[in-house]
Amino acid sequence: MNEVISIAAGLLQVLAVAPASSSFLNPHIDSILLAISTFITRGEEGLTDFTDFANQLTAMVTADKDPTDQDFAELKEKSDAAHNILESIQGSG
Amino acid sequence: MSTEMLLRIQQRSLAGWLIGSGTFLIASLIFLLGCQSNPVAIAKTPLQSAYAVYGGFVIVEEQAAQLKKSGALASQPVILDEIIAADRLAKPSADALLQATLDALAAQHALSAGNGSPEKMQIATDNLTHWVTQAQIDILALTSAVQGAKP
């Protein structure tokens with residue numbers, strides 16, 4: 001499984017930086033790359049999180065609204081907290 | 001043109017077609033398997049795409065932090081180090097995406113207020129589109145590392 005993903009990821013990285021040679025696929029690169037992310041994080045918890053997030057985004061799209069500075073600020077706060085945990089020395093092995 | 005040259009050209013064309021078809025089939029398969037709950041597929045504007053990618057990154061990063069906090073990887077320090085290294089690669093890219101998004105929002109607000117220009121809005125949107133793609137590439141290693149580490 002991981003090997004397939006690694007190969008596909010490498011392939012798509014090449015395609016992403018070689019637009020002239022992949023004119024058909026490039027418009028779909030964004031969707032494909034994130035679909036891979038969704039697919040490979042399909043653990044029980046990951047699927048729930050992604051589904052909730054997808055539902056939130058669907059509501060935004062349906063309402064024809066763009067995310068606000070506040071929406072991004074909330075995500076940034078979560079990202080920084082998670083990053084700090086990863087960078088903390090305690091329990092890092 | 002000699003027969004040998006024609007044969008070589010035909011062989012190259014066939015190889016190119018096979019590579020191209022294979023690439024598309026692999027990508028399509030992965031896309032179809034992963035199309036459920038795909039935030040980027042839902043997004044319709046550049047800002048929504050940015051939100052989808054950044055939000056996806058945060059979910060994966062939180063899963064990585066949870067793995068570390070839970071001690072599930074205490075006996076696998078190498079895997080934990082891989083996750084931390086992947087996060088160190090992904091986070092600057094995600095932060096650049098965030099900055100590009102904030103720039104695009106600022107350009108949009110300025111345009112709405114009559115202080116901006118369509119050219120500045122276009123530059124901000126192009127930059128945002130670039131980082132939406134680049135961040136997805138840089139986040140992929142973190143996603144893979146976290147998935148590989150799940151018990």
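At what angle do the axes of H4(B) and H5(B) cross, and within what distance do they come? They cross at roughly 160 degrees and come within 8 Å. The model is predicted, so local features need pLDDT of at least 70 and side-chain atom pairs count only at pLDDT 80 or more, while totals for chains, interfaces and linings use all residues. Residues are numbered from 1 along each chain as its sequence is written, chains are lettered from A and ligands numbered from 1 in the order in which they are written, and side-chain values use heavy atoms, with hydrogens and water left out.

Two packed helices are described by the angle between their axes and the distance between the axes. Axes are lines fitted to C-alpha atoms, for helices over the stretch in contact, and angles run from 0 to 180 degrees between N-to-C directions. Helices (H or I, at least four residues) and strands (E, at least two) are DSSP runs, numbered from the N terminus. Angles under 35 degrees count as roughly parallel, over 145 as roughly antiparallel, 65 to 115 as roughly perpendicular and the rest as oblique.

The axes of H4(B) and H5(B) cross at roughly 160 degrees. H4(B) is therefore roughly antiparallel to H5(B). Their crossing is left-handed (the near helix is turned anticlockwise from the far one by less than a right angle; clockwise would be right-handed). The contact of H4(B) with H5(B) divides into 24 nonpolar, five polar and four charged residues. Contact means heavy atoms within 4.5 Å. Ala, Val, Leu, Ile, Met, Phe, Trp, Tyr, Cys and Pro count as nonpolar, Asp, Glu, Lys and Arg as charged, and the others, Gly among them, as polar.

H3(B) also packs on H5(B). Helix H3 spans residues 46-70 and helix H5 spans residues 118-149 of chain B. Their axes lie 9 Å apart, at an angle of about 25 degrees. This makes H3(B) roughly parallel to H5(B). H3(B) passes H5(B) in a left-handed crossing. From H3(B), the contact residues include Val53(B), Phe57(B), Val60(B) and Leu67(B). From H5(B), they include Leu128(B), Val132(B), Ile139(B) and Val146(B). By class, the contact of H3(B) with H5(B) has 15 nonpolar, five polar and one charged residue.

The axes of H3(B) and H4(B) come within 10 Å and cross at roughly 150 degrees. H3(B) is thus roughly antiparallel to H4(B). The crossing of H3(B) and H4(B) is left-handed. Their contact comprises 15 nonpolar, two polar and five charged residues.

Pro118(B) belongs to helix H5 of chain B. Its relative accessible area is 56%, so Pro118(B) is exposed. Buried means under 20% relative accessible area, exposed over 50%, and partly exposed in between (1.4 Å probe, protein chains only).

Chain A holds four helices and zero strands. From the N terminus on, its elements run α-α-α-α. Of its 93 residues, 38% count as buried. Asp64(A) is found in the loop between helix H3 (44-62) and H4 of chain A. Phi of Asp64(A) is near 55 degrees, a positive value in a residue other than glycine. Most residues other than glycine have a negative phi. Asp64(A) is exposed, because its relative accessible area is 68%.

Salt bridges come next. A salt bridge is a side-chain nitrogen of Lys or Arg within 4 Å of a carboxyl oxygen of Asp or Glu. By this rule, five are counted over all chains. Lys76(A) forms one with Asp95(B), the closest N and O atoms being 3.5 Å apart. This pair crosses between chains, from helix H4 (residues 69-87) of chain A to helix H4 (residues 77-112) of chain B. Lys76(A) is partly exposed at 26% relative accessibility, and Asp95(B) is partly exposed at 22%.

Asp80(A) and Lys91(B) meet in a salt bridge at 2.8 Å, N to O. This pair, too, crosses from helix H4 of chain A to helix H4 of chain B. Asp80(A) is partly exposed at 27%, whereas Lys91(B) is buried at 6%. Glu87(A) and Arg88(B) form a salt bridge at 2.7 Å, N to O. Glu87(A) is in helix H4 of chain A and Arg88(B) in helix H4 of chain B. With a relative accessible area of 30%, Glu87(A) is partly exposed. Salt bridges that share partners join Lys76(A), Asp80(A), Lys91(B) and Asp95(B) into one network.
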